[in-house]
Amino acid sequence: MNQKHTFGDLLLRKKGPVLHFGVHLGMEVAHIQPGSALRTDNITEFAQGQKINIVRKEGINYNEVTSRFLEVKAKGAAYNLLTNNCEHNANYILHGRKESPQVQAFALTAPVGVILARNQGWFGILLAGLA
C-alpha cells in the first residue's frame, strides 16, 4: 500500500542500524540529527534516498502538535543520543511525552553484553556483539 503522508504522521527511515524519526508538518518534516537542534526539511531531504515508512497517528490535534513543535524549536536544544534524539522529539511533538524506546531497549540489553564480555573473554565479546 502506497500511503501519502499527511500532517501529524510519524515518518521513519533507516539510519544505519537504527530508525530515524520525523514528524510530518504539512510541507516539511521536523527532525533532529547529531550536531544540530530541531530542524525542518522537505520530504526528499529527510529521506536521504531511503524508503520512508509512515505511521498514521489518528486523532492528532493540529494546534497541540504545532504548539509543541514551536516550543521545541524555540528552545534550540542540541541533539543528545540519550536525552534529546529524533525519537524523543517526534514523540514529544506528537504526544507530549519525551521518550525513546530504542534507547530504552539498548539500556536494557547493553549490561547483558558487558557481563558476558567480562565473564567469557573473547567468546563473550563475540556473543555480546551478536545479541
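Contact, as used in this report, means heavy atoms within 4.5 Å. The structure is a predicted model, in which local features need pLDDT of at least 70, side-chain atom pairs count only at pLDDT 80 or more, and totals for chains, interfaces and linings use all residues. Residues are numbered from 1 along each chain as its sequence is written, and side-chain values use heavy atoms, with hydrogens and water left out.

**The chain as a whole**

Four helices and five strands make up the elements of the protein chain. Helices (H or I, at least four residues) and strands (E, at least two) are DSSP runs, numbered from the N terminus. Read from the N terminus on, their order is β-β-β-β-α-β-α-α-α.

The protein chain has 131 residues, and 32% of them are buried. A residue is buried at under 20% relative accessible area, exposed at over 50%, and partly exposed in between (1.4 Å probe, protein chains only). The accessible surface of the protein chain comes to about 8200 Å², with 59% of that belonging to carbon and sulfur atoms. These areas come from the Shrake-Rupley method with a 1.4 Å probe, and for residues only the protein chains shown count as cover. Of the contacts in the protein chain between residues at least 6 apart in sequence, 50% join residues at least 24 apart.

**Helices α2 and α3**

Helix α2 covers residues 62-75 and helix α3 covers residues 86-95; the two pack at an angle of about 140 degrees, with their axes 7 Å apart. That angle makes α2 oblique to α3. Axes here are lines fitted to C-alpha atoms, for helices over the stretch in contact, and angles run from 0 to 180 degrees between N-to-C directions. Angles under 35 degrees count as roughly parallel, over 145 as roughly antiparallel, 65 to 115 as roughly perpendicular, and the rest as oblique.

On the α2 side, the residues that meet α3 are V65, R68, F69, E71 and V72, and their partners in α3 are N89, Y92, I93, L94 and H95. By class, the contact of α2 with α3 has six nonpolar, two polar and two charged residues. For this count, Ala, Val, Leu, Ile, Met, Phe, Trp, Tyr, Cys and Pro are nonpolar, Asp, Glu, Lys and Arg are charged, and the others, Gly among them, are polar.

Helix α3 is mostly covered, with nine of its ten residues buried. These are C86, E87, H88, N89, A90, N91, Y92, I93 and L94. At the N-terminal end, N85 caps α3: a side-chain oxygen lies 2.8 Å from the backbone nitrogen of E87. Just after α3, G96 takes a positive phi of about 80 degrees.

**Partly exposed residues and their C-alpha separations**

L70 is found in helix α2. N80 has its place in the loop between α2 and α3, while E99 is found in the loop between α3 and α4 (101-130). Relative accessibility is 49% for L70, which therefore counts as partly exposed. N80, at 34%, is also partly exposed, as is E99 at 30%. The table pairs each of these residues with another one along the chain.

| Residue pair | Separation along the chain | C-alpha separation |
|---|---|---|
| L70 and I93 | 23 residues | 9.1 Å |
| N80 and G35 | 45 residues | 8.8 Å |
| E99 and H88 | eleven residues | 4.7 Å |

**D9, ahead of the strands**

D9 lies in the segment before β1 (10-15). With a relative accessibility of 0%, D9 counts as buried. The side chain of D9 makes a polar contact with the side chain of R56 at 2.6 Å. A polar contact is a pair of N or O atoms within 3.5 Å; within protein, one must be able to donate a hydrogen and the other to accept it, and residues adjacent in sequence count only if both atoms are side-chain atoms. A polar atom of the D9 side chain also lies 2.8 Å from the backbone nitrogen of T6. Leaving aside neighbours within four places in sequence, D9 is in contact with K4, G22, V23, H24, I54, V55, R56 and K57.

**Q33 and Q48**

Q33 has its place in the loop between β3 (29-31) and β4 (39-41). Its relative accessible area is 9%, so Q33 is buried. Beyond neighbours within four places in sequence, Q33 is in contact with R13, K15, H20, R39, Q48 and Y79.

Q48, one of those partners, is found in the loop between α1 (43-47) and β5 (53-55). Most residues other than glycine have a negative phi. Q48 has a positive phi of about 45 degrees although it is not a glycine.
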